[in-house]
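Trainee: I have this one open on my screen and would like to go through it with you. Could we start wherever you like and then work through the rest?

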Amino acid sequence: MFYALALYSVFYRKRKEKIRLVNKKIIFRIMGQYFNNSDTPLRNSYVKRLKAQVSNSEGLWYVCQQLIKVKSIVVLPEKDIPLPIVSILGIDNLLENKLSSRNLHHRALAIQYSYELEITANYKKIHEFINSSNIFVRREAQLAMVVFMNWEILSFFAKLTYPISLWQQIRIIEKLKSSKKPIVTESLKSLLNSKNTDILELGMRLVVAFNVEREFNMIKSHTQHHNTKLANAAFDMLVQLNISKPYNKEQSFSKQTFELPFSYVDYRNHKKNDKL
């Protein structure tokens, strides 16, 4: 009995991998056809096979992953719009349904694949999760809204109550940089006035990342913040910028113009004492 179950398990896995490989080839063939002539209708046999694949959660995630791989290695004819195959297979509707799933892992994946496949139709539902109690859902929802709304969404971030890790802050900054959209001053100001110290830190990191010179003095002022984590982050940013004196817009910004009021050793001792 044991050997029969083992043989069946091996057979099942190999058959499953074979089906996946065939479907992967179909996806890449369809995408190649799309790039050559986007008006050419897809073969019904291809559509039928892939629709069967996405009818279950595991198959849906697999097809989404393959489409994202295609998007990552080729330049699309049109940016910021979903691939036609997404609507043909009904992936947009399937992901929308997954946003209401009780399985929070599935919900987080649906959010992730929605923004990576640029399915903007789901943004209203995703917006509800930017302050979710579940960290995985919350993180993906925040990134999704940055992709969909860019700087405008940051005014909503100012009211978030949950922590935002450094890694999440870096991911948000990278999404904003890749969008190449102009800075929205009001949204940045809302972060810098937030009562959530993690949101305030995100605002300061945006100031550094986008070289918003008029806010450099604000970073210096937070080196005396009562929150040690935020104060240390401000010190790190000053070291990165090499700024100590009040910033004067009439002066040219250079390492020769500014000197830190403390030695690097003193700075490290300051951080070490905070940890004791």
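**Working through the model**

Mentor: Let us begin with Lys180, which counts as exposed because its relative accessibility is 75%. Please keep in mind throughout that this is a predicted model.

Trainee: Where does Lys180 lie, and what is its phi?

Mentor: Lys180 lies in the loop between H10 and H11, and its phi is positive, at about 55 degrees, although Lys180 is not a glycine. Most residues other than glycine have a negative phi.

Trainee: Stepping back, what does the secondary structure of the chain come to?

Mentor: The chain has 15 helices and zero strands. Of its 276 residues, 44% count as buried, and the accessible surface comes to about 16,100 Å², with 54% of that belonging to carbon and sulfur atoms. If you take the contacts between residues at least 6 apart in sequence, 66% of them join residues at least 24 apart.

Trainee: And the core, which residues touch the most other members there?

Mentor: The largest nonpolar core has 63 residues, and the ones touching the most other members are Ile91, Leu95, Phe157, Leu206 and Ile219. In soluble globular proteins, nonpolar side chains tend to be buried together.

Trainee: What does Ile219 touch, then?

Mentor: Setting aside residues up to four places away in sequence, Ile219 touches Met204, Val207 and Val208, and also Ala234, Met237, Leu238 and Leu241.

Trainee: Changing topic, how many salt bridges are there?

Mentor: The count comes to six salt bridges. One of the pairs is Arg171 with Glu140, whose side chains meet at 3.7 Å, N to O. Arg171 lies in helix H10 and Glu140 in helix H8, so the pair ties together parts that are 31 residues apart in sequence.

Trainee: Are Arg171 and Glu140 buried or exposed?

Mentor: Both Arg171 and Glu140 are buried.

Trainee: What about Lys189, which residue does it form a salt bridge with?

Mentor: Lys189 forms a salt bridge with Glu215, and the closest N and O atoms are 2.9 Å apart. Lys189 sits in helix H11 and Glu215 in the loop between H12 and helix H13, so to speak a link between distant parts of the chain, 26 residues apart. Glu215 is buried, with a relative accessible area of 8%, while Lys189 is partly exposed at 39%.

Trainee: Which residues are linked in a network of salt bridges?

Mentor: Asp198, Glu201, Arg205 and Lys229 are linked in that way. Side chains of opposite charge can pair when their charged atoms come close. Arg205, which is found in helix H12, also has a polar contact of 3.3 Å between its side chain and that of Gln169.

Trainee: What else is Arg205 in contact with?

Mentor: Leaving out neighbours within four places in sequence, Arg205 is in contact with Leu166, Gln169, Ile173, Ala233 and Met237. Leu166 lies in helix H10 and, together with Trp167 and Ile170, makes a nonpolar surface patch of about 300 Å². Leu166 counts as partly exposed because its relative accessibility is 43%.

Conventions
Residues are numbered from 1 along each chain as its sequence is written. This is a predicted model: local features need pLDDT of at least 70, side-chain atom pairs count only at pLDDT 80 or more; totals for chains, interfaces and linings use all residues. Side-chain values use heavy atoms; hydrogens and water are left out. Patches are made of residues with over 30% relative accessible area and no salt bridge: like charges are joined within 9 Å, nonpolar side chains (Val, Leu, Ile, Met, Phe, Trp, Tyr) within 5 Å. Accessible areas come from the Shrake-Rupley method with a 1.4 Å probe; for residues, only the protein chains shown count as cover. A salt bridge is a side-chain nitrogen of Lys or Arg within 4 Å of a carboxyl oxygen of Asp or Glu. Helices (H or I, at least four residues) and strands (E, at least two) are DSSP runs, numbered from the N terminus. Buried means under 20% relative accessible area, exposed over 50%, partly exposed in between (1.4 Å probe, protein chains only). A nonpolar core is a set of buried Ala, Val, Leu, Ile, Met, Phe, Trp, Tyr and Cys residues joined through side-chain atoms within 4.5 Å. Contact means heavy atoms within 4.5 Å. A polar contact is a pair of N or O atoms within 3.5 Å; within protein, one must be able to donate a hydrogen and the other to accept it, and residues adjacent in sequence count only if both atoms are side-chain atoms.
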